[in-house]
Amino acid sequence: MFIVLRPKTLRIAELRKMQHMVANKLLYYHREDCRLCRSKNLIKVLDLGEQPLAGGFLDQNEFQDEKFFPLRLYFCKDCTLIQNSEIIDKEVLFKHYFYISSASKTGVDHFKSYAEDLNTCFARKKGDNLFIVELGSNDGVLLLPLREFGHNVLGVEPSKNITEIARKKGLAIINDFFTQEVAREIVDKHSKADIITANNVLAHIDDMEEVIKGILILLKPEGILVFEVHYLLDLIEKLQYDAIYHEHFCYHSVIALSKFFEKWDMNIYKVQRVPMHEGSIRVYVKRKENLGRLQEKSVQELIRIERDKQLDNEQTFYGFTQRINKQKEMLNSAIQQIKQKGERIVGYGAAGRANTLLNYCNITYEMIDYIVDASPLRQGKYTPGTHIPIFSIEKFREDNPENVLLLAWSYKKEILEKEYDYRKKGGKFVIPLPMVEII
């Protein structure tokens, strides 16, 4: 039996959330239809309560004005898309961003390999360079290796601060959200694109109709759209509810994506499962009129697996909720047992995923002394909702606490190797997902 002790300060946090609920109704709206198929046949399958913006890192003087929003997932009974229907303005979510793709070696290596695959698959002959446009290009982690292969690359990135970082690397970046207008501007100034790529981006878009129309304007008739998204099957099987937050509007399956692209006279012709974020898919899409690429077995094979795992059945997601609640109890119990022994515990990794977990599990600064993170954009800030201070990785190494909660658990292998000396000295890592374990 697990006993969960709630700190008294949590009652203050709950009151603060309630005070903001009425005012915040003006800052978001509830979408009534499916963003992929426009059906209104939606049912709620998960409710994570009132949550702050996962990427809304704070200065101390901003605590009182912090905003909280409902975080709920809905299942479309027509196309099977899992989606967040509480819509916050994209200017609030993305104009100032704290995620840098190059912050981890795992990420850098992944995108180097990704660039090699694109170069091999699509470079028709030596010296035949392609025009490649990346939507949501972040700090250029994919564009840089593509440029090294000699391709003409262009990024479209809405976050001003991230755009500045990429431009300092010598990359051409359009600082804007991708729209039909932006697509026309690119075609007028450059040409149509051989490849459009968008990685961990399509899940962040509410108005998919505007974006797909822009893609069709920009893409050559024989061109290819290639994108990566977090895979719904991995999210469910590995209990990755920490990947659920407001800037993630969709949680994708091949079933739902196939129906969406069919609507726009496009076909998914290839899908690869990739390990990024503990389970993603890389999806290759062509126009129907492009007869030069036949659909590979990988597409129908994943659709078969998804149906076997009942990703097209809302009951699957009710069971997911029960598993989340059990994990929450186990994690709180593990932390409380550490605190009762008089030991310290700090967090490792302050990305958006960490903040969903911290807030849903009611883990505050009374339970976690501080969090360390590799990104300089987060250092010196406080976590949204829980207000835990964030420092550089060096602080944890100097401080040598007895325990570390590995919030960046999807990078477990890389981090455990990097922090070998800490573990050799007797330090312990608490792994929260997919099951609570101490190593």
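Helices (H or I, at least four residues) and strands (E, at least two) are taken here as DSSP runs, numbered from the N terminus. The model is predicted, so local features need pLDDT of at least 70 and side-chain atom pairs count only at pLDDT 80 or more, while totals for chains, interfaces and linings use all residues. Residues are numbered from 1 along each chain as its sequence is written, and side-chain values use heavy atoms, with hydrogens and water left out.

In the loop between strand S1 (28-30) and strand S2 (42-52) sits Arg 38, whose phi is near 70°, a positive value in a residue other than glycine. Arg 38 is partly exposed, at a relative accessible area of 42% (buried means under 20%, exposed over 50%, and partly exposed in between, with a 1.4 Å probe and protein chains only). Glu 278, likewise not a glycine, has a positive phi near 60°; this residue belongs to the loop between S12 and strand S13 (280-287) and is partly exposed, at 25%.

Helix H7 (residues 208-218) has Met 208, Val 211, Ile 212, Gly 214, Ile 215 and Leu 218 as its buried residues. They span an arc of only 155° around the axis, which places them on the same side of H7; the arc is that of the directions from the helix axis to the C-beta atoms. The packing partners of these buried residues are strands S6 (131-135), S9 (193-199), S10 (219-230) and S12 (266-274), together with helices H6 (180-189) and H9 (254-263), where contact means heavy atoms within 4.5 Å.

Finally, a cis peptide bond, with omega near 0°, runs from Leu 433 to Pro 434. Pro 434 is found in the loop between strand S18 (428-431) and strand S19 (437-438).
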